[in-house]
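Visitor: I would like to learn how to read a protein model, one feature at a time. Could you walk me through this one?

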Amino acid sequence: MKLRHHIDRLKHWLLELLFPRRAMCMGCDSMLGCDRDDLCESCRERLSRSWVGVRATDPTLRLDGAAFAYRYAGPAGGLVRRLKYDGVQVLAERMCRELARAAALLRVGDDVLVTCVPMHPRRLRSRGFNHAELLARGAAGEMQLEFGDVLMRTRNAPQQARLTDAERRTNLRGGFAVRPEWSERVAGRRILLIDDVFTTGSTAHACACALRDAGAAKVYFAAYAYGGGSKHGQNYQRKEPHGAAAAISEGRKGAA
């Protein structure tokens, strides 16, 4: 355990030495640096102007309400990509607080079970963590609500970010189910489902269907970023980290 602790400290030290946390803006990749946290002053201002809050969604998605922190276009998208593809998990701290602030506007009450969009085990092993779970656990803590790893993937479908709108609508049909050990606790409950980004709503719909099939009374949805269509930039993909980048991403995880 001591050796592991020293290794983690060394990784963190090397990370801060080579890539100081505030040397690059996580919203726009500017190398001018950040005075206060992970965003430059320009991105901080742009982010504040992109607040969304509660927003109506297509009734066919089977959601009882939906709320979002910010629009994806701009700094919010940068934060999501850094967390999701680069593994900068420390960003989840601020994102959870802002996501919880948006979700609170739904007024879901106290007896609500918070859960997240699950990741297929194969993809989870490859990436090392589920970004949606990080956000959901953090938001649940901020809201003082119960969190449960309720849903599971029933098949390893292609990533939504790589598909067209039409393909998204069919890609996830029947792709989720409630874990057997959670079936009784989901029945009759109000559920708050959390993800990082809302695009066409296909993922939220597929998860909502699985929850309602298990007897959930109501299903609410909250995401950090609202895209409202596949042309908002969600198709941007970073390569999985390797070599030096892998060490940097691992160091960011340790700093979270």
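Visitor: Where does the charged end of Arg 101 sit?
Guide: A charge counts as sitting over a ring if NZ of Lys or CZ of Arg is within 6 Å of the ring centre and within 35 degrees of the ring normal. Here the charged end of Arg 101 lies over the ring of Trp 51, 3.9 Å from the ring's centre. A word on the source: this is a predicted model, where local features need pLDDT of at least 70 and side-chain atom pairs count only at pLDDT 80 or more, while totals for chains, interfaces and linings use all residues. Residues are numbered from 1 along each chain as its sequence is written, and side-chain values use heavy atoms, with hydrogens and water left out.

Visitor: Now the overall build, please. How many helices and strands are in the chain?
Guide: Helices (H or I, at least four residues) and strands (E, at least two) are DSSP runs, numbered from the N terminus. This chain has 10 helices and eight strands. Buried means under 20% relative accessible area, exposed over 50%, and partly exposed in between, with a 1.4 Å probe and protein chains only. Of the 256 residues, 50% count as buried.

Visitor: What is the order of the strands in the open sheet?
Guide: Strands of a sheet pair through backbone hydrogen bonds, either parallel or antiparallel. Two strands pair if DSSP finds at least two bridges between them. The open sheet of six strands runs β1-β2-β8-β7-β3-β4, with mixed pairing. β1 (51-54) and β4 (146-147) are at the edges with a single partner strand each, so one side of each has no neighbour in the sheet.

Visitor: How do I describe a pair of aromatic rings?
Guide: You give the distance of the centres and the angle of the planes. Rings of Phe, Tyr and Trp (its six-membered ring) pair if their centres lie within 6.5 Å; planes under 30 degrees apart count as stacked, over 60 as edge-to-face and the rest as tilted. That rule gives seven aromatic pairs here. In one of them, Phe 68 and Tyr 226 have ring centres 4.8 Å apart and planes at 50 degrees, so the pair is tilted. Phe 68 is in strand β2 and Tyr 226 in strand β8, so the pair ties together parts 158 residues apart in sequence. Tyr 70 and Tyr 224 make an edge-to-face pair, 5.7 Å centre to centre with 70 degrees between the planes. Phe 68, Phe 198, Phe 221 and Tyr 226 form one aromatic cluster.

Visitor: Is Tyr 70 buried or exposed?
Guide: Tyr 70 counts as buried, at 5% relative accessibility. Tyr 224 is buried as well, with a relative accessible area of 0%.

Visitor: Which residues have the most contacts inside the largest nonpolar core?
Guide: A nonpolar core is a set of buried Ala, Val, Leu, Ile, Met, Phe, Trp, Tyr and Cys residues joined through side-chain atoms within 4.5 Å. The largest one has 44 residues, and those with the most contacts inside it are Met 95, Val 114, Leu 135, Leu 192, Ile 194 and Tyr 224. Its largest share, seven residues, comes from α4. Another core of 27 residues lies apart from it, including Trp 182 and Ala 210.

Visitor: And what does Leu 135 contact?
Guide: Contact means heavy atoms within 4.5 Å. Leaving aside neighbours within four places in sequence, Leu 135 is in contact with residues including Leu 83, Met 95, Leu 99 and Ile 194.

Visitor: How many residues of α9 are buried?
Guide: Nine of its 12 residues are buried, so α9 is largely enclosed by the rest of the structure. After α9 comes Gly 215, whose phi is positive, near 100 degrees.
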